[in-house]
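Here's a quick tour for anyone meeting this structure for the first time. Take a look, then read on.

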Amino acid sequence: MIKEHLIEVNRRIEQACIRSGRDPKAVTLIAVSKTKPVPMLEEAYAAGARDFGENKVQEIVAKKPELPEDIRWHMIGHLQRNKVSQVLGKAVLIHSVDSLRLAQQIETDAAKAGLDVDILLEVNVAREESKYGFMLEEVEDAIMTIKDFPHVHIKGLMTIAPFVENPEENRGIFKKLFEFAVDIDKKNIDNVTMDVLSMGMTGDYEVAVEEGATMVRVGTGIFGVR
Ligand SMILES: *Cc1c(COP(=O)(O)O)cnc(C)c1O
């Protein structure tokens, strides 16, 4: 079933790209494998998945040695500062940098380890009380601080849109983040690119792709309900 689901999700991403005049190669599907056991990840790997998303450091630490080395692990969940050192060198991208203190901790730990770390800033576009992330109006100031961190490299932005019945309700959220990223990109800030827009989950990834997502994070749609 995982293989069929992956084929279907990839097909829908491709269709969304065609509808919006985008190159399907510009969108990376991240298989969100949180809470799922290693054999299910092996099945996804066998079906071609190479990018996996986890929301807990301990799950990346536990699963990574069990699976092929060419998997790219994405940290997509809220990251506690005392866990940063464990995830460095294991995740290719931390999507969920939601505070300056966390970015500072990543810089400190990366410097110690002699590593470079690619990050996205998580933006709470919909201003939901329950969500982590910067408010849109805080992001530029954060970027202007983090750009000077020698071991931390901002590659773009991430958002978790609200849970909605109709994905069309989230189109405005995705559009807003895309437009914001375009504005930041135009400023040509040193050590900052806006190449990655991580947005869209099982319920709304097609709309996110139509609005410019370069990474979509799909869990339930590939692995089934958690
Ligand atoms: C769980 C999770 C996802 C995937 O959610 P689904 O609705 O199962 O596709 C995507 N992004 C983040 C940050 C998550 O925690």
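## The annotated domain

UniProt, in an unreviewed entry, puts the feature "domain: Alanine racemase N-terminal" at residues 26-225. UniProt positions follow the numbering used here, feature names are shortened, and annotations may be inferred rather than shown by experiment. Over residues 26-225, the chain is 36% helix and 22% strand (DSSP runs, H or I of at least four residues for helices and E of at least two for strands). The end C-alpha atoms of that stretch are 27 Å apart.

A word on the model: it's predicted, with local features needing pLDDT of at least 70 and side-chain atom pairs pLDDT 80 or more, while totals for chains, interfaces and linings use all residues. Residues are numbered from 1 along each chain as its sequence is written, and side-chain values use heavy atoms, leaving out hydrogens and water.

## Around the ligand

Who's next to the ligand? Its surroundings (heavy atoms within 4 Å) include V32, K34, I76, I160 and M201. By class, the shell has 5 nonpolar, 3 polar and 3 charged residues.

Which residues reach the ligand's oxygen atoms with polar atoms (N or O pairs within 3.5 Å)? G219 uses a backbone atom, 2.8 Å from a ligand oxygen.

Technical notes:
Polar contact = N/O pair within 3.5 Å; in protein donor to acceptor, adjacent residues only side chain to side chain. Nonpolar A, V, L, I, M, F, W, Y, C, P; charged D, E, K, R; others polar.
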